[in-house]
Amino acid sequence: MKIHVKKGTLSDISIEAIALFLFEDDKEVAGQAKIIDERIGGLITEIKHCGDFEGKALQTALLYTKGLLPTARIILVGLGKRKEFDMEKLRNASAKAAQQIRDLNLKRFAVSVHIEETSFPLDSLTESLVEGIFLGLYQFTRFKTLERDKIKEVDEAFIVEEREERLKIIKAAAKSAEIISGAVSFVRDLVSTPANEMTPAILADRACALDGKKNVKVKIMDKTQIEEMGMNSFLGVARGSDEAPKFITLEYGGGSQKQPHIALVGKGLTFDSGGISIKPSEKMDEMKTDMAGGAAVLGVIRAAADLNLPLNIVGLIPATENLPGGRAYKPGDILKSMSGQTIEVLNTDAEGRLILADALTYAARYKPSAIIDLATLTGACIIALGDYVIGMMGTDDTLKKRIQEAGEATGEKVWELPLWEEYHELIKSDIADFKNSGGRAAGTITAAVFLSKFAGEYPWVHLDIAGPALYKKDKPYIPKGASGVGVRLLLHALRNWPING
Ligand code: BES
Ligand code: MN
Ligand code: ZN
């Protein structure tokens with residue numbers, strides 16, 4: 001799909017459909033909708049007055065213009081109440097509009113960013129509108145071979161604006177939103193791809209494909225190099241699979257030489273069967289998404305480069321499968337991590353923290369100003385916070401605050417859990433330094449406490465994305481399936497990062 005920003009108005013554009021956003025509490029049709037309403041003989045006023053369309057959030061109605069306007073159709077989309085309006089409402093509304101256009105099997109439509117009397121700046125409004133369109137129209141169709149001609153796709157969306165000074169702002173914001181949405185879709189594709197088509201080697205290839213981008217360098221360590229590094233905690237997990245593990249490093253150098261790196265670490269389990277502590281077969285297929293953290297790191301680096309962010313970022317992704325092969329690691333095994341600390345494996349299904357431990361240790365090589373890790377780490381996080389919330393834990397208040405704010409701005413909801421001293425007791429081992437499972441109680445927290453032992457003294461935040469990585473139901477701009485969570489969140493934080501911080 002292509003997005004165009006064009007000089008003009010919705011009442012003058014000749015196209016298959018226009019989308020018009022309306023608030024619920026406006027008694028009379030106002031603003032640009034009023035001009036259109038007058039041109040079509042008060043049809044919008046009528047549909048409002050007879051109660052068929054109130055403008056409630058996500059409500060839609062379809063009107064035909066009978067030649068009274070150059071557009072053939074008007075799709076009305078409700079924005080809900082004015083005082084409840086925010087960017088999330090707009091993303092949902094524009095996604096809904098785009099999906100209506102697609103359902104009608106139309107190829108082109110137009111919208112405008114005229115949301116009257118809101119305090120939100122024009123660039124935020126534009127970005128949210130464009131993200132809603134792109135992300136709402138996302139479909140994963142790669143493996144569908146039958147009746148491909150029945151797959152409906154919108155080709156072009158036009159954003160129209162008359163005023164030159166607004167046009168400039170809208171163009172720039174639409175471009176950023178296109179880059180960010182492109183990165184989210186890229187991540188959704190990676191995460192949706194099944195494990196037979198998304199092995200550690202294939203994930204590494206996808207990372208290498210980013211190497212051509214401006215200021216991006218990608219390096220892959222193979223098994224021998226990982227051994228040389230002493231990443232025995234990571235290697236322990238990889239033992240049960242015939243697929244070779246890969247350690248992916250992406251360096252983005254958009255900042256100056258002396259600026260420190262921000263380290264992003266992503267869990268790259270291309271399939272998690274649980275290993276010898278094998279998972280129940282029901283829903284085990286969902287564990288193809290256990291590399292969602294790693295994929296999100298790829299997406300962030302890709303967009304950071306395309307947005308030309310003035311920062312230095314390093315992405316670290318340990319990638320492996322967790323399978324119960326003949327040489328698999330076993331409950332009771334003790335692994336010596338790259339940090340030198342020893343880990344007693346009580347449960348081979350608590351593998352994410354084992355591969356992340358070595359990646360966090362490796363991150364210290366960069367002396368980073370911050371470390372943020374993303375991982376589908378614990379089922380317990382879904383029990384604690386539900387399917388749609390990221391669990392946040394960390395050691396640095398400034399960093400946590402930045403992520404918190406990014407969560408509010410992007411709609412990628414984040415909730416903090418504590419890392420109190422009492423929890424540290426739960427992962428002490430009788431015969432090694434730590435054990436990899438603290439049992440059922442506070443499972444999300446004890447996983448994070450385990451990671452904290454490897455993050456060193458660097459400002460660090462851990463994001464448990466076990467719930468929101470995979471949507472179980474449609475949300476307007478996040479269709480059921482892989483969501484690409486973390487990409488918009490981290491990009492928001494990075495775009496607002498203090499240059500020397
Ligand atoms: N990848 C899973 C966590 C997960 C579960 C993500 C469900 C998404 C949906 C992780 O590797 C895991 O298996 N964690 C265990 C830890 C336990 C053995 C301490 C869990 O959550 O049960
Ligand atoms: Mn597991
Ligand atoms: Zn896992």
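Predicted model: local features only at pLDDT ≥ 70, side-chain atom pairs only at ≥ 80, totals over all residues.
**Ground rules.** I number residues from 1 along each chain as written, letter chains from A and number ligands from 1 in the order written. Local features need pLDDT of at least 70 and side-chain atom pairs 80 or more, while totals for chains, interfaces and linings use all residues, and side-chain values use heavy atoms, without hydrogens and water.

**Ligand 1, surroundings.** I looked up which residues surround ligand 1, taking those with a heavy atom within 4 Å. There are 17, and the closest are Asp-272, Lys-279, Asp-349, Glu-351 and Gly-379.

**Ligand 1, polar contacts.** I counted pairs of N or O atoms within 3.5 Å. A polar side-chain atom of Lys-279 lies 2.8 Å from a ligand oxygen. A backbone N or O atom of Gly-379 is 2.7 Å from an oxygen of ligand 1. Thr-376 places a polar backbone atom 3.3 Å from a ligand nitrogen. Alone, ligand 1 exposes 520 Å², and the protein buries 80% of that; I used Shrake-Rupley areas with a 1.4 Å probe.

**Zinc ion (ligand 3).** I took as donors the N, O and S atoms within 2.8 Å of the metal (3.2 Å for Na, K and Ca); water is absent, so sites may look incomplete. The protein donors are Lys-267 (NZ), Asp-272 (OD), Asp-290 (OD) and Glu-351 (OE), at 2.0 to 2.4 Å. Their spacing along the chain is K-x4-D-x17-D-x60-E.

**Geometry.** Why octahedral? The six donor atoms subtend angles of 78 to 174°. Six donors qualify if opposite ones are over 155 degrees apart and all others between 65 and 115.

The manganese ion (ligand 2) is 3.1 Å from the zinc ion (ligand 3). Asp-272 coordinates both.

Key
Polar contact = N/O pair within 3.5 Å; in protein donor to acceptor, adjacent residues only side chain to side chain. Tetrahedral: all angles 85-135°; square planar, octahedral: opposite > 155°, others 65-115°.
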